Amino acid sequence: MHASTSQLSFLRNVYDLFLGLYTHIGRQHEDLILTIRSDLTKSIPAMLPLLQDEIDHGLPKEFGMSGEWMPIPAYLKMLRLVALVSGRIFVGLPLCREETWINASISYTTDVAAVMHASQKWNSVLRPIVAPFLPEVRKAQADLKHARKCVAPLVDEIMQQYIPEKQEKVKAGSRGAFISWMLKYQPDDQKTAKRVGINQMVLSFVSIHTTSMTITFALLDLASRPEYLEPLRQEIEQVVQEDGMQTDEEGNVHLSKASFQKLVKLDSFIKESQRFNPLNLIGGFRTVLNDFSFSNGLKLPKESVIAFPMWAIYQSTSTETFSPEVNAKAGNPGPETFDGFRFAKLRAVPGFEAKHQLATTSEESLNFGHGPHACPGRFFAVYEIKSLLVNIIRHYDIRLKDGRQPVHIINQVANVPDPRALIEVRRRK
Ligand code: HEM
């Protein structure tokens, strides 16, 4: 039985959790979602050269060029890189490289998380009364205003040049392209600098920390399991040799989308890392809007919050993906074992070729959600994550610092990498 979004609400859950009245998270942002789902996703081939150019610019700054082992705080480095590289697409040069913008796009998520924790200290009756006075709410509002100010000149410029008939032709990744795409989905009375600025911060909230945590976990897994480094490197080098690096009209040397699609082992490694490190141990949170009965008779009262037991599904042999029968066909170990090439082997099983890719969601693959609210940015996220990892694997050696396994921080149901966890990197010759 499928419940409709008017019965089990994603937005209402997010709005309540993050005090959407003040933070704008969980409000209707159809314009933003359509831009991500349609224009951003369609433009991935055109964006790949720019993503890779920004990584070529940013990675040596964050990881250094030394041939000696250097300790780096993995998560903080990934946060900065993802903010920089996403910014190249979301706002373009030169704003994406300005420290104020990088910091603004990183800190809004931390602000909103602080609002959530602060508001949970109050019971739900008092919450709306105290909310506007909470220092965390005030900080989030002040930071949002500051971020809007940073992006305002660009928004004004794009709005002045905006010609509806020409929006299809705006070049992907060009300065302000994302903003002009978004304008075409906004009714005229909502085409305001304020709304566009707020949407940019909502975009930072949904994209930057999620993407950087996912890459950090993959990097930590790679440092902890060095046996994967060579096979992944070989897969990448083989594709580079076969296809060659491409050059776009602006001279950006890059690996094309078709080449990325051949990196089946890399895709699998990241998906297995996600399976072992879901950003929430349970997922698909929904608020029950009215008393609701499931077909098996289970009744839930209005205002209940429900979610899927993601971790339990990923560890269960009663699923299809991790069942003994399918494991035997693919030659995979049971779900309790980390096998970086598990999903690559599954994709080699006849009938399973199209399943089990990193961006594919299903009832057994829930890291990007599933159903009508499944993450619209996941295709973009997947290419951003792979572009970063390909560059890191090709140009750096990676290892644990002093052989120490990094720890996770589990707070209620959230699972995040320890921001203090260090790994060591060394530029390859
Ligand atoms: C690895 C990185 C990412 C992960 C793990 C992730 C995960 C998720 C999850 C779990 C949801 C909720 C789905 C549900 O409950 O059904 C979601 C929603 C969303 N994500 Fe992502 N996401 C990532 C990156 C991104 C990026 C890069 C963007 C934008 C370019 C983005 C935009 C969104 C938006 C707008 C929503 C709300 C969808 C709606 O309201 O229907 N995400 N994401």
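User: Which protein atom is the donor of the iron atom of the ligand?

Analyst: The model is a predicted one. In it, the only protein donor of the iron is the SG of Cys375, at 2.3 Å.

User: Where does cysteine 375 lie?

Analyst: Cysteine 375 is in the loop that runs between helix H16 (342-347) and helix H17 (378-395).

User: And is that cysteine buried, partly exposed or exposed?

Analyst: Cysteine 375 is partly exposed, with a relative accessible area of 26%.

User: What does UniProt place at Cys375?

Analyst: The UniProt record, an unreviewed entry, puts the feature "binding site" at Cys375. That annotation may be inferred rather than shown by experiment.

User: Staying with cysteines, how many disulfides are there?

Analyst: The count is zero disulfides.

User: Cysteine 96 and cysteine 150, buried or exposed?

Analyst: Cysteine 96 is buried, at a relative accessible area of 0%. Cysteine 150 also counts as buried, at 19% relative accessibility. The limit for buried is under 20%.

User: Change of topic, the overall fold. How many helices and strands does the chain have?

Analyst: The secondary structure comes to 17 helices and twelve strands. The radius of gyration of the chain is 22 Å, close to the 22 Å that the globule rule gives for 429 residues, so the chain is as compact as a globular protein of that length.

User: What does the C-alpha trace span along its principal axes?

Analyst: The span is about 55 × 55 × 45 Å.

User: And how much of the chain is made up of buried residues?

Analyst: Buried residues are 50% of the 429. The accessible surface of the chain is about 19700 Å², and carbon and sulfur atoms account for 57% of that.

User: What about contacts between residues at least 24 apart in sequence?

Analyst: If you take the contacts between residues at least 6 apart in sequence, 71% of them join residues at least 24 apart.

User: Now the backbone. Where is there a cis peptide bond?

Analyst: Leucine 93 and proline 94 are joined by one, with omega about -5°. Proline 94 sits in the loop between helix H5 (74-90) and helix H6 (99-119).

User: Which residues other than glycine have a positive phi?

Analyst: Glutamate 303 is one of them, with phi about 80°. Aspartate 402 is another, with phi near 50°. For background, most residues other than glycine have a negative phi, and most peptide bonds are trans.

User: Where are glutamate 303 and aspartate 402 found?

Analyst: Glutamate 303 is in the loop between strand S7 (299-300) and strand S8 (305-308), and it counts as partly exposed at 40% relative accessibility. Aspartate 402 is in the loop between strand S9 (396-400) and strand S10 (408-411), and it counts as exposed at 56%.

User: Next, glutamine 52. What does it touch?

Analyst: Leaving out residues up to four places away in sequence, glutamine 52 touches His254, Leu255, Phe260 and Ser387. Glutamine 52 is part of helix H4 (residues 44-63) and is buried, with a relative accessible area of 8%.

User: And where is alanine 421?

Analyst: Alanine 421 is in the loop between strand S11 (414-417) and strand S12 (422-427). Its relative accessible area is 11%, which means buried. Apart from residues up to four places away in sequence, alanine 421 touches Ile72, Pro73, Ala74 and Pro406.

User: How far is its C-alpha from that of lysine 401?

Analyst: The C-alpha atoms of alanine 421 and lysine 401 are separated by 8.8 Å, with the two residues 20 apart along the chain.

User: Last one, glutamate 424. Buried or exposed, and what is it in contact with?

Analyst: Glutamate 424 lies in strand S12 and is buried, with a relative accessible area of 9%. Neighbours within four places in sequence aside, its contacts are Trp69, Met70, Pro71, Asp397, Ile398, Arg399, Leu400 and Lys401.

Methods: Residues are numbered from 1 along each chain as its sequence is written. This is a predicted model: local features need pLDDT of at least 70, side-chain atom pairs count only at pLDDT 80 or more; totals for chains, interfaces and linings use all residues. Side-chain values use heavy atoms; hydrogens and water are left out. Donors are N, O and S atoms within 2.8 Å of the metal (3.2 Å for Na, K and Ca); water is not among the atoms, so sites may look incomplete. Helices (H or I, at least four residues) and strands (E, at least two) are DSSP runs, numbered from the N terminus. A disulfide is a pair of cysteine sulfur atoms within 2.5 Å. Buried means under 20% relative accessible area, exposed over 50%, partly exposed in between (1.4 Å probe, protein chains only). The radius of gyration is taken over C-alpha atoms; the globule rule is 2.2 Å times the number of residues to the power 0.38. Contact means heavy atoms within 4.5 Å. Accessible areas come from the Shrake-Rupley method with a 1.4 Å probe; for residues, only the protein chains shown count as cover.
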